[in-house]
Each structure stands twice: as C-alpha cells, then as structure tokens.
Amino acid sequence: SPDIIEIDAASNNGVDDIRELINNVKIAPTEGKFKVYIIDEVHMMTQSAFNALLLTLEEPPSHAVFIMATTNIESVPITILSRCQRFNFTKISMNDLIKQIRYVCENEKIKIDDDAVSEIASLSEGGMRDALSLLDQLSSNESKITTDLIVANYGSISFSFINKLLDAVNANDISLIHELFLELSHHGADYKIFMKKFIH
C-alpha cells in the first residue's frame with residue numbers, strides 16, 4: 001500500500017530525513033484511513049532527529065500512525081518512549097518453531113528427519129525467519145534433510161552427540177569424553193552452540 005512507509009533509521013537517521021518525513025505526514029492517505037510510518041532500528045537516530053520528531057509525536061495528525069522498532073530500547077530517549085505504547089516481542093518457542101517447520105515440510109513435500117527439525121529449530125534461536133531460511137537453503141539441493149547434513153553445513157552439534165556426551169559423563173567414561181571432544185575439535189564445531197545445547 002502507498003500508505004505504508006518504511007524507513008530504515010540506520011541509514012536515514014539525520015534531522016533532514018526526519019524533517020522530510022514530518023512534511024509528508026501532513027499529506028492525507030491515498031487509499032486507507034491511515035498513513036502508517038514504520039521506523040526500523042529507531043535507536044540509530046541522532047539526538048537532533050529525535051528532537052525534530054518529538055513535536056509530531058506529541059500532536060500527530062489523526063490519519064498518521066507511527067510504529068517504531070528497535071533491538072536497543074535503552075538508546076531511545078525517554079521523551080520518545082513516554083509518548084509511545086510499548087510492545088515487547090519475545091523469541092518464538094522451540095515447540096512452535098518445530099510445528100511450523102513440520103507444517104512447511106508437509107506442504108512443500110520436503111523430506112526431513114525428526115531430529116533435523118529439532119536441529120533447525122535450535123539453530124534459529126527463536127527466529128521463525130531464520131528457521132525457514134535454513135530450511136530453504138537445506139532443501140534446495142538435497143533429497144532428504146538429516147542432522148548430518150545440518151552439522152556439515154552449519155558447524156552445528158547434533159542432539160545425538162550431546163546425548164552421547166551426557167551418557168559418557170554419567171558413566172564417568174573419561175576416554176570416551178576425550179574422544180568426543182577431539183571429534184568436536186576435528187569438525188571445527190562452534191563452541192557457543194555446543195555450550196547452549198549442553199546446558200539445554
């Protein structure tokens with residue numbers, strides 16, 4: 001819709017960019033009831049840009065709605081925050097990610113192991129877009145997605161490996177633990193992923 005305007009504050013963060021936006025706000029919407037301005041990465045705006053926007057936020061035209069998105073709320077001045085309704089978005093749960101990945105695989109006729117579904121959900125760290133992007137990349141050249149394929153492509157650590165290591169720890173099998181860590185090192189595993197999965 002021409003009434004939805006998205007602005008990337010990371011690259012349009014100056015006072016001149018905001019003044020242009022303020023001038024455009026006065027123009028009525030062409031199709032709908034409202035003009036919606038989405039300001040992404042709003043924390044990247046300069047102090048003078050925030051000051052310029054403040055008056056419009058205090059007295060916006062009745063047809064204008066502002067949606068400001070940020071991953072760094074602490075950098076947004078309190079004068080701006082106090083004039084906003086705030087919604088905190090959380091990461092998507094593992095269960096919901098797994099359900100959606102399975103749903104997409106069924107509809108797109110993608111062959112995938114159950115363990116591989118969990119692996120993709122784990123790697124995406126609560127981001128649905130990341131999960132579907134991983135799925136898309138993996139399904140483009142392969143007849144079936146397996147955990148081995150994911151480990152080979154993304155340096156991940158399979159849950160079966162974690163379970164093997166936990167069993168070795170419980171059994172106090174030092175030689176097997178040593179062997180498994182050598183395997184981790186040999187495959188160039190990402191130790192941050194390893195620690196997250198091991199704690200999980």
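Four salt bridges are found when the whole structure is searched, a salt bridge being a side-chain nitrogen of Lys or Arg within 4 Å of a carboxyl oxygen of Asp or Glu. Side chains of opposite charge can pair when their charged atoms come close. The structure is a predicted model, in which local features need pLDDT of at least 70 and side-chain atom pairs count only at pLDDT 80 or more, while totals for chains, interfaces and linings use all residues. Residues are numbered from 1 along each chain as its sequence is written, and side-chain values use heavy atoms, with hydrogens and water left out.

The predictor's confidence in each residue, from 0 to 100, is called pLDDT; its mean for the protein is 87, and 98% of the residues reach 70 or more. Helices (H or I, at least four residues) and strands (E, at least two) are DSSP runs, numbered from the N terminus.

One of the salt bridges joins the side chains of glutamate 58 and arginine 83, at 2.7 Å from N to O. This pair links distant parts of the chain, since glutamate 58 is in helix H2 (residues 47–58) and arginine 83 is in the loop between helix H3 (78–81) and H4, 25 residues apart. Another joins lysine 144 to aspartate 113, at 3.2 Å from N to O. Lysine 144 lies in the loop between H6 and H7 and aspartate 113 in the loop between H4 and H5, so this pair ties together parts that are 31 residues apart in sequence.

Aspartate 113 is also one of the residues that isoleucine 145 touches, and others among them are Ile112, Leu135 and Ile150; contact means heavy atoms within 4.5 Å. Isoleucine 145 is among the residues that touch the most other members of the largest nonpolar core, which has 31 residues. Such a core is a set of buried Ala, Val, Leu, Ile, Met, Phe, Trp, Tyr and Cys residues joined through side-chain atoms within 4.5 Å, where buried means under 20% relative accessible area, exposed over 50%, and partly exposed in between (1.4 Å probe, protein chains only). A second, separate core of 19 residues includes Ile7, Ala9, Tyr37 and Phe66.

Isoleucine 67, whose place is in strand E3 (residues 64–68), is partly exposed, with a relative accessible area of 41%.

Technical notes
Lists of a residue's contacts leave out its neighbours within four places in sequence.
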